[in-house]
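I opened the model to look up a few points of its architecture and wrote them down in the order in which I checked them.

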Amino acid sequence: MRPSPKPASTARETASSRRAPVSGQRLVILVATRKGAWLFHGDARRKTWVADGPHFLGHTISHVQCDPRDGRTLLAAAKTGHLGPTIFRSTNLGRSWKEAQQPPAFANTNDTLPGRSVDHSFWLTPGHASETGSWYAGTSPQGLFHSQDGGGTWQPLASVNDDPQFRKWMGTVQDGTPDGPKLHSVIVDPRDPAHLYFAMSGGGVHESHDAGGSWSTLIQGMEVVEGFDAADVSFHDPHCVRLCPAHPDRLYQQNHCGIYRMDRSGDPSADRWQRIGRKMPKRVGDIGFPMVVHPRDPDTAWVFPMDGTTVWPRTSPQGRPAAYITRNAGRSWQRLDQGLPESQAWWTVKRQAMTADAQATPALYLGTTSGELWIGHDEGARWSNIARHLPEIYAVEVAALR
Amino acid sequence: MVKVLIPGALRSYTGRSQLQADGDTLDALFADLDRRFPGLRFRVVDEQGQLRPNMRIFVNGIGVRDLQHGLRPDDFVAVVLALSGG
């Protein structure tokens, strides 16, 4: 493997950054698709990308993540259409993989709650920087799991998976989306490994301060679909929740019912989600799946709107794909579509399929369900295609190699 | 010993499609297979001990979903994926 080049001398520091951003690192894009996983290795300028794949051709890969603690270990959440779910791990950037000895699996049924079976691991989150080998997984049906050995074995969190209140909020598989109800947006506060968040598509947002021993809901201010009771946690449908890495008291959320921001005050009873999506153009709306936050600037975030009218096509409004950026925490939004198709482009970008790198001037990356991988240089100002003809893209992550 | 047919999707575990294994029930058979090929059982049988929905097992040509189904020496157990597409 080629060594990483030294950071370019043009690395820029902004007033709000705590860590010096770097330029010129070698990046790898991790693309999870319905039919396998691909790695795309970039040059230092993020202009040339070399495809490495398929890995697990024919397997449904929900998520591939690189461990930021070592910059080389990969975890892939996999199943096939028929076979049960598992997790694969590579310590050599995908040259070889080993299967988890004990992938996420629900505990046996007890007397009060019916037993469930993990259909697939949906969301992978590396644990806190101080906890080598720690990982979290969110599953479908909804479950939260923790590994302490780098993804080899996984333990269920009974405080979520077997708690009668959570199980009531989760409902049954029939209550969920046709693809199966998901537990997603597992977040570890970079300041505190015991401070966790997660969200459920149908089931709200939840927070723990004791590493998952106990949980409280965080839904104040969130709206629900007309006709549903907003006081019922199970009617809340967050699509994607993100925490600002450099300012962890700020969270952004793309919800079924719009775009939200929350600023933690220290008093949870006072914290409310604010619908910043009201400032989006009415013709476009503020419905979507992904939410991307800037690695250093808490006022900057990106969304990818989709059509949520009538039967919920979930495709680009008017067939014109665009990302939208806010640089002032949601007070205003600007359209970013230069280089994207201008008409008859009916794109869907899933909640894990848009991300940003942490370079001095971040680029955005997105993958469509029609198998196209795109890069948005200069924070999404100029888009160009990296790959077409991939299978349906489920997730896109980008990692800096070490 | 019973004869077992392993589908293509699981050959990454066994290395071959036809093999012999031990068990007086399907459950015991999968325990034997999992000892020899770690991880194989969980791809076919879920954590509640149920045959996964899109997997099928035929014992001497008869479809069986009950893992307590008894097996006799020289039975032929075919593990197959339910026919589907996409």
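I began with an open sheet of three strands in chain A, in the order 16-17-18 and with antiparallel pairing; strands here, like helices, are DSSP runs numbered from the N terminus (E, at least two residues, for strands; H or I, at least four, for helices), and two strands pair if DSSP finds at least two bridges between them. Strand 16 and strand 18 of chain A are the edge strands, each pairing on one side only, and the twist averages 15 degrees from one strand to the next, where axes are lines fitted to C-alpha atoms (for helices over the stretch in contact) and angles run from 0 to 180 degrees between N-to-C directions.

I note for the record that this is a predicted model, in which local features need pLDDT of at least 70 and side-chain atom pairs count only at pLDDT 80 or more, while totals for chains, interfaces and linings use all residues. Residues are numbered from 1 along each chain as its sequence is written, and chains are lettered from A and ligands numbered from 1 in the order in which they are written.

I then followed the pairings one by one. Strand 16 (residues 238–243) of chain A pairs with strand 17 of chain A in the antiparallel sense over five bridges, and the two form a hairpin with six residues between them; within this pairing I found Y252(A), in strand 17, as the bridge partner of R242(A). Strand 17 of chain A also pairs with strand 18 (residues 258–263) of chain A, again in the antiparallel sense, over six bridges, and here the hairpin runs through two residues. In strand 18 of chain A, I259(A) stands opposite Q254(A), and G258(A) stands opposite N255(A).

How many of the six residues of strand 17 of chain A are buried? I counted a residue as buried if 20 or more other C-beta atoms lie within 10 Å of its own, as exposed if 12 or fewer do, and as partly exposed in between, with C-beta atoms placed from the backbone. Strand 17 (residues 250–255) of chain A is mostly covered, with five of its six residues buried.

Next I looked up the cores. A nonpolar core is a set of buried Ala, Val, Leu, Ile, Met, Phe, Trp, Tyr and Cys residues joined through C-beta atoms within 7 Å. The largest has 101 residues, and V31(A), A76(A) and V396(A) have the most contacts inside it. Leaving aside residues up to four places away in sequence, V396(A) touches, among others, I29(A), V31(A), Y365(A), L366(A) and L373(A), a contact being two residues whose C-beta atoms, placed from the backbone, lie within 7 Å. Another core, of 21 residues, lies apart from the largest one and includes V4(B), L33(B), L71(B) and V77(B).

I also checked the backbone for exceptions, since most residues other than glycine have a negative phi, and most peptide bonds are trans. The peptide bond from G53(A) to P54(A) is cis, with omega near 10 degrees, and P54(A) is placed in strand 3 (residues 49–55) of chain A. A further cis bond runs from S140(A) to P141(A), with omega near -10 degrees; P141(A) lies in the loop between strand 9 (135–140) and strand 10 (143–147) of chain A.

F56(A), in the loop between strand 3 and strand 4 (60–66) of chain A, has a positive phi near 55 degrees and is buried, with 21 other C-beta atoms within 10 Å. Q318(A), in the loop between strand 20 (301–305) and strand 21 (323–326) of chain A, has a positive phi near 60 degrees and is partly exposed, with 14 other C-beta atoms within 10 Å.

Buried residues make up 24% of the 86 residues in chain B.

The contact between the chains takes 16 residues from chain B and 15 residues from chain A. Helix 3 (residues 40–44) of chain B gives the largest share of the side of chain B that touches chain A, three residues.
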